[in-house]
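Dear colleague,

Please find the structure below, together with its sequence. My notes on what was found in it follow directly after.

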Amino acid sequence: MPITGLGPHGERATPANRLKLSSEDQQLAQDRRFSVAIVLHTARSDWSNQQMAGIVGTLGDCAAVVTEVVDCGFDAPTQIAALERLGRAPVDAIISVPVANATVAEAHRQVARASIKLILHDNVPTGLLPGSDYTSLVSADNFGLGLIAAELLAAHIPPGREIVLLAYGEDFYATNEREIAFGRWMLVNRPDIKVRTVRFAGLDTAGEAALTAARAHPGIAGMFVVWDTPAIGAIAALEASGFGIPVTTVDLGNDAAVLLSQGRQIVGIAAQQPYWQGVAVAEATILAMLGRIIPSWVALPGLAVTRQNVAEMYQTVWRAQAPRDIIDALK
Amino acid sequence: MTDSQATDQPERLRQKGRPRNSDAAARSLTAILNLVRTWRANTRQELERESELGRAIVSDRLATLADLGLVDESELGEASGGRAPRLVQFKAERARIVVATLDQTALGVGLADLSGRLLTEHHEELDLSAPAEATVARLGTLFDWLLGKDASPAPLWGIGISAPGPVQLPPGDDFLAGSPSFLPAWENHPFIEQLTVRFRAPAWIRSSVETMAVGELHASGGAGASDMLFVKVGKRIGASAICDGRLYRGAQGAAGLIGQLPVTSGARTAPLDLMAGSDMIAREGRAAAEAGASPVLADILARIGAITAIDVGQAAQMGDAVSMEVMSRSGHLIGHVVAALANMLNPSIIVLSGSIAQTNDILLAAVRETVYGESHPLVTRDLKISASRMGSSAGLAGAAKVVSEALFDPDLMREWITHGAPTAMPRFRATLAQIDALLSGSGRAERPAPPPSANAHSDRPS
C-alpha cells in the first residue's frame, strides 16, 4: 500500500526496508554494547505495548540495552523533566514519542545538543529539524490512516447526513494528519456528508465530548475518533445514553478489535503496524548510533480492518493469534 | 480577538490622552517597537539611548504599545550593580500569520506568530495542474483548520504565499490588492482577492526559492549569515541570493532562474533544467531499469510501474552504481552553474534544497566537488555547502518572515500603529471593500486597482 501523506517538513516517505540492518551492522552494534532510553507519551495502550515489543526485541538482537522506559502519561512537564534528566545520563540514544508540540520542543532539542542520538516516533514538535535536532522520525502514514477511516465510515452513512469528527485538542502531528485527511476524503468523495469537528482535551474527557456532541446534534449518523483509546471511551458514553451510531477509529487495540468483531458500533479500523514501527524505530536507532546516514522520515502504511478481516489483521498487527472473544464473535 | 475588537483600540488610546494619529507619534511608536522587536534594545535605558528619545516619550510610547498588546514588561533583566531593569519584550503572540507553499506536487500550510516563528504546519500532495479554484478552496479549508486548531484567541494579521515560480510585483513591500502573475494557468484567477476577503487580512507573495532562502536564513543553517546562496533542485532548478542580509529579487522579481542556462554533457548542450533536473534523473533511471543495468531500479519498475527521481536517489544511496552515476552527473552540472554564481556573489553558505538534493549525498558531494574545483580560492576559503534540513518548512518559515517584516516595515507600520492593528488600517479596509464589491458585485474575476503607495498615507490625519 503506498504512503499517501507527507512528512512533517513535506518530505516524501522512505520505506522501512531502507533501514534493514546487515549482519555487519549487528556485529558492530553488539561489540559496542549501546544503551538506550525510551520516553513514551503513554505506556498504557496496546499500541505502546506492541511497539515496545518491536523496539526492545530488535535492540536486544544488537545487544543494545534499554536502561529506562519513562511513561509520561500524556503530561508535558513529566516528559520535559525526563528528557532533561536523561540528557545528563550515560545513554547513547533516546527514543521519544513527544506528548505535545511547542511545549516539549526545547527539551527534545537539548537531547541532540547533549550529543545523544534522538529518534522520534509518531510526532515531531514544530521547529525541530532533522539532522540537527533529531536524527529521524518513524511513524505510520497517518494521513493514509485518516483516508482509510473516512472510507470505512462513509459506507455506513446515508446521503446528506451529519457526522462527528472527534479530534484531539493537542497540537500533535499524527492526529492532525488523520483529522485533516479524514475531512479531505469526505469533502472529495462524500460532499453530501456534513462533518462537525469536536475536540477533546484528554482521554478522560473524550466520552463526555462525544456525548455532548451527540446531544447537541441528535441527527448525527456516525463518528470518527482519532485513535482507539478515546474511541472506546466515546462508545461507552454513547451506548450508556442510548446513542447507537457507527464509529471508525485508528489502531487495532484489543478492545476496539473485539467491538469490531461483535459488530457493536465500531464498523472499521485504520490499523497501524506498531510492532513493525517499533522494529523500524530500533533499526533507525542502531544505525544512528553506528553513525550511518538515515532518512529523516520513515513511514509504514496503514491497514483497513473490517469485521470480515479482523481475525487475520489481528494476527498481522499483533503478531499473535486473535483472542477467543474475537473468534467466537465471528462465528 | 475579532477585527471589531482591534478597531476599538484607537478609541481607547484617545481617551487616555495617548498620541493622536500624528506622524511624529506614529514614527516614535514604530521606531521603539522595531528596536524591541529586533532585540536592539530591551530595557527602557537602551531604548532611550538607541532611539534618542526622551524618557517621558519612551515611557508614554511603551504604555501605548503595552495597551496595544505589542510589548510586555513583566520580566526582569539582569542587574548590573543596582536594581534589575524591567525587560521590554515584543509580544509575538499578539496576532497570527497564516502561510502556504504551493509547489508542483505539494501544498504546505502553516500558522506563525508575529516574529515569523512557525507554530504548526502541514504538508500534503497537490496536483498544481488541477483548476486554480480547487487549489484555492483547499488552501482556504486548511487555513480554516489551522485557525480553528489554534488555542489562542489572537487575531489574524497577515497571509503569506510561497509561489512555484517567479512573481512579478510592484516595488516595495506593500500588501497585495490583486493577484500578481506567477503561473500561466492561474492568470486572471483572483486568488489573492479571494483569500484577502475570506480571511479579512492583508496578503503578500514571493516565489518559492525566495521564501525558502529567507526561511533557511532565519530558521536553519543560514542563521547568522548575511550572504547566502540558495539552490532548489527539482523538475526546475532555481536559485535565490541573500546579499547583506536582504533578499535580492532583481528588476522583475526573476533573479535566480538558473535552470535556463545552457550546460554541456558529452555531445549535448541544453538548459540546466533539462540536463540535471528531476525529469532527467527519472528518465535515466527508467532507461537503466528497462535495459537491466540496475537491478534495484528494475525491481521498483516491476513492482510499481514507474521510476521517480527520488527512487533513483534512494537507489544511489543504497549503492546502486547506475543511480550513483546519474546523480553524480546531475550534481556536477548543477555545481558548474552554482560555481559561477559563487564567484560572482562570494556567499558564506550555499544551501541545496529540494527532495532529491536533501535525500542524496552523492548529488551534494558532486556539487561540492565542482564548486570547490571551479571557484577562486578566496571564494571557497570559508564557504560552507550543505543540504537543507528544513525541506518545505523553509518556504513556510520564509513566507511568515516576509509577512512579519512587511507588517513591521516602518512605512506600513506608521499607517496602522495608531489604529491598533493592520487589519484596522483605513487603507486596508478600503482595499477590502473594493475587493468585496468587485467579487460580489460583478460575480466575475476582476482585479481591483493596486492600493495607493504606503508613503502617500504616512501622514494620514486622524
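**Findings on chains A and B**

Among the contacts in chain A that link residues at least 6 apart in sequence, 76% join residues at least 24 apart. Please bear in mind that this is a predicted model.

Chain A contains twelve helices and 13 strands. Its radius of gyration is 20 Å, close to the 20 Å that the globule rule gives for 331 residues, so chain A is as compact as a globular protein of that length. Along the principal axes, the C-alpha atoms of chain A fill a box of roughly 60 × 40 × 35 Å. Of the 331 residues in chain A, 59% are buried.

Ile326(A) belongs to helix 12, which covers residues 324-329 of chain A. Why does Ile326(A) count as buried? A residue is buried if 20 or more other C-beta atoms lie within 10 Å of its own. Ile326(A) has 20 C-beta neighbours inside 10 Å, and it therefore counts as buried. When neighbours within four places in sequence are left aside, Ile326(A) is in contact with Ala257(A), Val258(A), Ser261(A), Val310(A), Ala311(A) and Tyr314(A). Of these, Val310(A) lies 16 residues from Ile326(A) along the chain, and the C-alpha atoms of the two are separated by 8.2 Å.

I turn next to the place where the two chains meet. Here 22 residues of chain A are in contact with 23 residues of chain B. On the side of chain B that touches chain A, the elements giving two or more residues are strand 4 (106-112), strand 5 (118-125), helix 5 (132-149), helix 11 (309-317) and helix 13 (355-359) of chain B. Strand 5 of chain B gives the most, with eight residues. By type, the residues on this side of chain B divide into six nonpolar, eleven polar and six charged.

Helix 5 of chain B deserves a separate note. At 1.5 Å a residue, its 18 residues should span 26 Å, and its end C-alpha atoms are 26 Å apart, which agrees. Which residues of helix 5 of chain B are buried? They are Thr135(B), Val136(B), Leu139(B), Leu142(B), Phe143(B), Trp145(B), Leu146(B) and Lys149(B). These buried residues pack against helix 6 (173-189) of chain A, and also against strand 3 (96-102), strand 4, strand 5 and helix 6 (191-199) of chain B.

With kind regards

Technical notes: Residues numbered from 1 in each chain as written. Chains lettered and ligands numbered in written order. Predicted model: local features only at pLDDT ≥ 70, side-chain atom pairs only at ≥ 80, totals over all residues. Helix = DSSP H or I, 4+ residues; strand = E, 2+ residues; numbered from the N terminus. Buried ≥ 20, exposed ≤ 12 C-beta atoms within 10 Å, placed from the backbone. Contact = placed C-beta atoms within 7 Å. Nonpolar A, V, L, I, M, F, W, Y, C, P; charged D, E, K, R; others polar. Expected span 1.5 Å × (residues − 1). Rg over C-alpha atoms; globule rule 2.2 N^0.38 Å.
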